[in-house]
Amino acid sequence: MRPALSYPTRRRLGRVAFYLLLAAILIYTVFPFYWAVVTSLKTGSALFAPDLWPGEPSLANYVAVFREQPFARNIANSAIVSLTVTLLSLFLGVTAAFALGRMRFRGRRPTMMVVLGVSMFPQIALLSGLYELIRWLGLYNSLWALILSYMIFTLPFTVWILTAFMRELPRELEEAAIVDGASPWQTLTRVMLPLMAPAMAAAGLLAFIAAWNEFLFALTFTLTNDQRTVPVAIALISGSTAFELPWGNIMAASVVVTLPLIVLVLIFQRRIVAGLTAGAVKG
Amino acid sequence: MATLALRSVRKAFGQEEVVKGIDLEAADGEFLVFVGPSGCGKSTLLRLIAGLEDPTDGDVEIGGARVNDLAPSERGIAMVFQSYALYPHMTVFDNMAFGLKLSGTDRSSLTARVQDAARILRIDHLLGRRPRELSGGQRQRVAIGRAIVREPAVFLFDEPLSNLDAALRVDMRLELARLHERLGATMVYVTHDQVEAMTLADRIAVINAGRLEQAGRPLDLYRSPANRFVAGFIGSPRMNFVGASISSVNDGHAAAAMAAGSTVNLPIAQAVTLGSPATLGIRPEHLTLGDEGDLLFAGQVRMVERLGAASLVHLTLSSGEDLVVQQAGDTRVRAGDQATAACRIGDCHLFNADGQRISDRDPA
C-alpha cells in the first residue's frame, strides 16, 4: 500500500516535528534559569508580577546580595571546597584507575564493585553516621568536613570513568614505556596522563559540579555563615521579617553561582563528550 | 652485541601452558626469526626475552648472564611493537629520546644519538612531527628508531611489518636486512609470514603449540624439514601431502605405496615398521605437468590459478587427494582436463605416522 504522503513531504513533516520537539525541550530546560535571571533584575512589587521581561531592569538585587551577607565569602568557600574535591578526586581517581585498569591483582573486581556500591547509598542514609565521624575528627563547621564528605560521591564515578578510559589505552604503549625504563609512576605521569586529558576533564567537571551544587551535607556539617557554601547560603537568605522571602536576592545569588558552571561547561564541553563516550565503544 | 639463550623456558597463564619448554640459542649478531601460526606462543617467547612476562620455569640468558630477575630496561634489549606503540602526545624526537631522558643521558649526546638514528632511517626531516602526522611506514621507522637509540645488545621485533600494506612491507623488509647488516646486532624477529622469515633470517625457529619444531638456516628448513609441520609451514604454496603406507623395508630404503596407485622407494634415515601409514610430501614447485619424471600422478584438473609469472594447477587424484602443481609462466590446461604431474624421487619427503621425516635427504 502506498502511504498517503509522498516521501519528501514526510521528510519535511518529520523535520518540523523534530524542531518542535527540540524547542519544547529547550524551553523546558532553559526557562527556569531564564526566569531566575528576569526575576533577579526586578525590584519591589514588580517581583510579584509575572512579566516575561523586567519593566525597569536593575542590578540592585546583586548589590544587596553581596552587601547584606558574606556572599563573597560563601562563593570563596564553594570554590575552595569544589576545587579541592575535584583535584583530590582526580589524583586519587587516576592512581586508582591505573591500578584497577592496568594491573592484574587479586580482588580487582570486588574492589570495583565496592567502589560502585559506595555510591549507591542515599545521602540521607549516611548523614547521621557521617556526622558522628566528622565530630570525632574535629572537623565540624569546617570546609574539610565538606571536602571529606563530598569525596564519598565524587570518587566512585571518577574512578569508574577513569578506569574505563585507562583500559582503552593500548597495553603496548605501557609496555613500550617499561622497555624504555619508565617506572610505574613515570609511565602514569608521562605517558598515560597526557592521553587521559579528555577523561580527566569530564570526570573533573562532573566532580566539580556535584561538589558546587551539594546541599544536604553542606547544611548539616556547617553552622556559621562564614563556613557555608553557596547553595546553603542561598537557601538561608532571609528578608527583613519572617514573612518576607527576598526573591530578588535569592534569584540574583542563584544567577551568580550558576555562571561559573556555565563557563566551565562551555570551555570543556568538547572534551566532556569525548570523555563520556570514550569507554563506550571498543576501538 | 650479545648472545641470547633460552634454557628450557616454560610459560603458563593459569592452567594453560603456552610455552612448553624451549631451548634455543642465538649467536652474537645473528638474525633469529620465530615463525609459527598465530597462537603458537612465539610472541609470548619474545615477551619472555624482553622481560614483559616472567617465565614459569627455565632461564633467559643475554650475553651469557641470566636475566630472569632484571627489569626489561636493564636487559640491554629494545623492542619494536606490532602496533608501533609510539607515544601519541610526543614528537618523533621525544619519542626516540624518551628512554634516554629517563636514564639521565646528557642533552648533547642524547641529541646526537637521536639524530644519528634518524639519519640511518631517513626520518631526520620528521623529528618535529607527532605520530598522527606520519604515514604507516614512517611510524614504523620511528618505532625502529626508538629501538636503535637505546643501542641495545638484542633487538626484539614483534610482527613489525604486519600493519603495513604489501608494497611497503617489501621495502621495509629490505630496509631491516640492511639495518641488521649495518648495526651487526643480535635480532630476534617474530612473524607468521614465512616469506619474511625466509628472507630476513640467518636462522629460523619454527614454533608450534608452544614447542620448537625445528631451528636452522632457512634453506636447510626448506630442503630438510624435520617433520610434517615444518614441511607444510615453510614454503609457499604449501607442500602437497599424499597418504601412503610402507610396503617394504630393506637396506636403508623403504617403499611407500600410495593410495593413488604408484609406489616410491626412498632412502630412509630412521627405522620404520612395515605396513605403517606414512605421508609423502612433494612441493608444488618440484612437480611439473607431463610424464617426464621418476614418480607420476594422474588426476583431473580442478582449478587453475594464473599468477602471471607462475600458474598453480590443482589436480584431484584418483584417491580423492588434492595435488598442487606450480608451473612457470602460463599453462594450457583448463579445469576438467585429465593431466599427469611428475617429480624426481630426490624431491620427495617421507613422513611417518607421527609426522617425523624418515626419508634421508640425498645431499647431491
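Predicted model: local features only at pLDDT ≥ 70, side-chain atom pairs only at ≥ 80, totals over all residues.
Figure 1. The secondary structure of chain B consists of 8 helices and 20 strands. Its C-alpha trace spans about 75 × 45 × 40 Å along the principal axes.

Figure 2. Chain B has 364 residues, and 52% of them are buried.

**Figure 3. Charged side chains of chain B.** Here you can look for 38 positive and 44 negative side chains. The centres of these two sets lie 6 Å apart.

**Figure 4. Where chain A meets chain B.** On the chain A side, 16 residues take part in the contact, while chain B brings 24 residues. Among the chain A residues, A:Glu172, A:Val179 and A:Asp180 lose the most area to chain B, and together they make up 40% of what that side buries. The size of an interface is often given as the accessible area lost when the parts come together. For chain A and chain B, the buried area is about 1700 Å², with 63% of it from carbon and sulfur atoms.

**Figure 5. Salt bridges across the interface.** Between chain A and chain B there are 2 salt bridges. One to find in the close-up links B:Arg47 to A:Glu175. The closest N and O atoms of this pair are 2.6 Å apart.

Terms used:
Residues numbered from 1 in each chain as written. Chains lettered and ligands numbered in written order. Heavy atoms only, no water. Helix = DSSP H or I, 4+ residues; strand = E, 2+ residues; numbered from the N terminus. Buried < 20%, exposed > 50% of the residue type's maximum accessible area, 1.4 Å probe, protein only. Lys, Arg positive; Asp, Glu negative; His and termini not counted. Charge placed at Lys NZ, Arg CZ, Asp CG, Glu CD. Contact = heavy atoms within 4.5 Å. Buried area = accessible area lost by both parts, 1.4 Å probe. Salt bridge = Lys/Arg side-chain N within 4 Å of Asp/Glu carboxyl O.
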